[in-house]
Amino acid sequence: MAEYARPADWPDVPLVDTDVHITPRSLAALTPYLPARWRDYVRESGVASLESDLYPPRSPLSAIPGARPADGPPASDPELLRTQLLDPWRLDVAVTHCIYGIDGIHNPDWADAMARALNDWQHAEWLAGEPRLRGSVVVAAQDPARAAAEIDRVGDRPEFVQVLLPVRMRAPLGTRAFWPIYAAAERHGLALAVYAGGASGNPITPVGSPSYYLEEYVGLSQAFQAQVVSLVCEGVPVRFPALTVVLVESGFTWLPPLMWRLDKNWKGLRREVPWVDRLPSEMIRASFRLTAQPLDAPPDEPARLLEVLDRLGSDRMLMFATDYPHHQFDDPAHAAPAGLSAAAMARFLGGNALATYRLEAMSGAR
Amino acid sequence: MPVDQLVDCDIHNELTPGALHPYLPPRWRAYHETYGGRGDGGAGYPKGAPRAARADAWPPSGLPPGADLEFLREQHLDPYGVRYGVLNCLTTACREQNPGYAAALCRAVNEWQVAEWLEKEPRLRAGIVVPYEDAALAAAEIDRAAAHPGFVQVLLLVRTDEPLGRRRYRPIFEAAVRNGLPVGIHFGGGRGRNPLTASGWPSFYVEDHTAMAQAFQAQVVSLVVEGVFEELPELRVVLIEGGFGWLPSLMWRMDKHWKRLADEVPHLTRPPSAYVREHFWVTTQPVEEPPDPRHLLAVFDNMGGTDRIMFSTDYPHWDFDDPRRALRIKLPPEARAQIFGGNAMALYGLS
Amino acid sequence: MTGHVVGTTDEIGPGERKIVEIDGRSIGVFNVDGRYYALRNTCPHAGARLCEGTLSGLVTSGAPGEYSYAREGEILRCPWHGWEFDVTTGRSWFDPARTRVRAYETSVETGYRPGPYVAETYPVEVEQAYVVVHV
C-alpha cells in the first residue's frame, strides 16, 4: 500500500474528509456518560459491546495497516487519528461519525440513553479537543420524538454538523413517523447522514439473508437505493427543503440508473405521490450528497467513472472521503476520480462539503 | 419493422377462473375450490392500472388482458410481426404456502400452457412454472415438463424467501441444466416473508415498482458469490423485466470488494463480473430512458456488448415497450438484429 | 385549415368521446362539460393511442399527505404508461412546455351549409348541431 497521505500533486484547496469513523474503545468507555441506572443496567445485563458487525475486526476491508491501536479497535484512538489521517492528509476538516449499534436496541429508553451518552462522549473526547473534527449526532430512531429532543439538546454545538441514521432501518427513512427527527435537524441546520450499516431486524436484502459477508457488504448499495426512493417519494425534500441528505459509504455509480428509473416511473405514477412536483432526479440533485468511498468503478478505466459522474448531472454531489479506517484504496491517488477539471476537483475535495455542512469559515488563505 | 426476426421475450398469458380445473387431479381440485389460494402477504400495492394492464389490452371477448389468444394475435403478434414470443405466466401458484398444492397448481398451469397456448400458436414458447420454495418438487416438475419442446426456460420470480444462490434452491438449477434449459427470473413474487427493502415496507406502488431492481441485484450477487456457476458451468440465467441500467455499477462494485475480500470466497476463481458476462442475459423492458437516449450505448458498452440483451414488451402490462419506439438509439444493424431477435434465438434454441 | 364534421352534439355528450380519422390522422374528440376538444391520438412517449386512455381528475398536493382533487374528467391518462395530459390543451402535466400532443380547434355548427366543411363520411342535416374539428 502506498503512503497513506494527501497526494503531493493535489491542488492546494480546502480538503474535507466526509467519512471518518470513530468508535469507543469499549462499552466501558461510555459508562461515565450514562446515568447510574443505565450504567448498572449495562453491567448487570452483561452486554459486551454494541460494535457494528458490518466490519469483522480482521477482515481485510475493516482497517488499513497500522490503524489498530494497542488498546482498542480501529478508529478508537484520537491521537492515532491525528497521526494517521488528519496530519498526513492535511485535512482542514474531518467529518466523523460513530456507528456504534444503538439502532438494534429494542428498549427505546435504553437506546435513547445510549445515544445521549455517545453524543456526550464524542463531544468530550474527540470533538472538543481537536478543532479539525466535526461530528454526527447519534439518535435513537426507535422513539422519534425523543430523538428530536436529543437533537435539540446538542444540535447547537458547532462541532456537530449532521444527524446520523443507518441505511438499514426498521422502516424506510421517508416514513412520516421519522419526520420529527428531520424537522429537528433542519431546525438546527444539520444535515441528515445515512450510513452504511444498521441492525434493524429486517433481512439484509430484499430477498432474505445472504450467506457471505461479501454479499452483505455489496448489498448495502441496494439498501441505499431503496432509501433514496423512499425519501423522495415520501416527500422529505418537499417538506424539509433545507435538509441535505448525505449518503455515507454508499457508493454512487448506481445513482444515475436509479434516477432514470425513478424519473420514468414518476411520469406515469405521479398521482400516487402528488407532492413530488418535479422530476425525482432534480430533487435528488438538489437535496442529496454522497461521500466518495467506495469508488465502485474499474480502477484502470477512469473514463468510465467520469462518464458516470457526468450522468449524475451535477458536480456538487460528490464529496471526498477516505472512509478511515476502512481499506477502500491502496493508493491515495485513487481516492479522487482522475481527469476532473480544476474547478470540479476543488468542489470534490472540499467545496461541496463546505457548501453542505455548517462549517465555520476556514482559516488561512486558500 | 426494424428487423426480420422479432422475438418478444416477455409476454404474459393470463389464467381465468376455472381455467385450471381440467388439469387438476380431484384431490387438489377440491382443495382449490374449497380453500383456494392463500393470499400474497404484504403485497398491498395496487398497480397503476387494473391487473397492471394497458387500458387498451382488454379483449372484446370480455376475458381479462392476456387471457385471449385470438386478441393476443390481433393486437400484438400480427401487427408487430413477432416471430417468436416467450410466455411468462405470472401466477401465485408458484408460491402458495402449501407445497403440495403449489406443485399441483404449477403442473396444471404447465399443462394448460401446453394445451391452450403452445399447441395452438406455433409462434409461442413458454417458461415452466415451478413451486420454487420447495426445490425438490420444483425439480420434479422441471423434469416432467421439459419434454415438451415448447418450454424454453424454467420460470422463477425474483422476490424469493431466500437469495437464490442459497443451497436450498440448488436442485432447481441442477434440473434446469440437466434439461438444457436456462432459468428465467422475472419481476414479481414475494409472499410477505421479506419486506420489499432492507428497511421494511415502503408506502407506494411507485416505490414497489422501482424497488424490483434492487431485488434483481441481490439475486445476481447471490448466484455469483455462492459459486452456483462454478458448480454448474452450463447454467444460463435470464433476468426478465428487471431493467439493466444498474448492471454495470453492480459488476464494478462486486469486483472491487471481491478483490479485497477474496479470501472469504475461495471457491470463486474469477472476478464476479466475469461470471455475469458469461452466464446472465437481460431483457430490455422496462427499458431505461435516460435524458439523452445515447447514454444507453454507454450502458451496453459497460455491460461488455450487446450479445446478452434481448428485446421484450411485457405485453399486456402498462409499462409495455413498443418494438417500434423502444431503444430509439442509433445501433449498428448487427447489434439491433441481435437485440431484437438474434440473441434470443441463440439462447432459446429457436430457428 | 379545413373543418371536418365528426359527429352530432348528441352523439358526443358530456364525458363522452369519439375517435375519428381525418386525413389519415387518428384524432380523439372529447366533450368536457359541453365543450369540445380534439387531440391527436398518438402519445408522444411511445406512440400509444392516447385518446383511448382513462379520463380522470387532477391530483395535486401542497404538502405530503395532503391531496387536492379537481378538474374531474379533464385529465387524460395514456392507456400505456399513464402519462397525464390536459384534455383542454394537449399539454402533459409533468412537462407542459415540451411534452404535449397536438390539439386541434373545434367548433359547433348548426345546420347544413355547402363548404368549407368536409363531411365525407358523415351525413348532415338541417337543424342539427355538429361538432367540427379544424385540421
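1. The sheet of chain B. In this predicted model, chain B carries an open sheet of 8 strands, arranged in the order β1-β2-β3-β4-β5-β6-β7-β8 with parallel pairing. The edge positions belong to β1 (6-11) and β8 (309-310) of chain B; each has a single partner strand, so one side of each is left without a neighbour in the sheet.

2. One strand pair in detail. Strand β6 of chain B, residues 237-240, runs parallel to strand β7 of chain B, residues 280-283, and the two are joined over 3 bridges. Within this chain, B:V238 has B:W281 in β7(B) as its bridge partner.

3. A helix on the sheet. Helix α4 of chain B (residues 135-145) packs on the sheet, where it touches β3 (124-129) and β4 (151-159) of chain B. The direction of α4 makes about 150° with that of β3(B).

4. Extent of the B–C interface. Chain B contributes 12 residues to the contact and chain C contributes 10 residues. About 970 Å² is buried between chain B and chain C, and carbon and sulfur atoms give 43% of that area. On the chain B side, 43% of the area buried against chain C comes from B:D56, B:W318 and B:R325, more than from any other three residues.

5. Which classes of residue make up the side of chain B that touches chain C? The division is 4 nonpolar, 1 polar and 7 charged. Across the interface of chain B and chain C, the rule finds 0 salt bridges.

Technical notes:
Residues are numbered from 1 along each chain as its sequence is written. Chains are lettered from A and ligands numbered from 1 in the order in which they are written. This is a predicted model: local features need pLDDT of at least 70, side-chain atom pairs count only at pLDDT 80 or more; totals for chains, interfaces and linings use all residues. Side-chain values use heavy atoms; hydrogens and water are left out. Contact means heavy atoms within 4.5 Å. Buried area is the accessible area (1.4 Å probe) that two parts lose on being put together, summed over both. A salt bridge is a side-chain nitrogen of Lys or Arg within 4 Å of a carboxyl oxygen of Asp or Glu. Ala, Val, Leu, Ile, Met, Phe, Trp, Tyr, Cys and Pro count as nonpolar, Asp, Glu, Lys and Arg as charged, and the others, Gly among them, as polar. Two strands pair if DSSP finds at least two bridges between them. Helices (H or I, at least four residues) and strands (E, at least two) are DSSP runs, numbered from the N terminus. Axes are lines fitted to C-alpha atoms, for helices over the stretch in contact, and angles run from 0 to 180 degrees between N-to-C directions.
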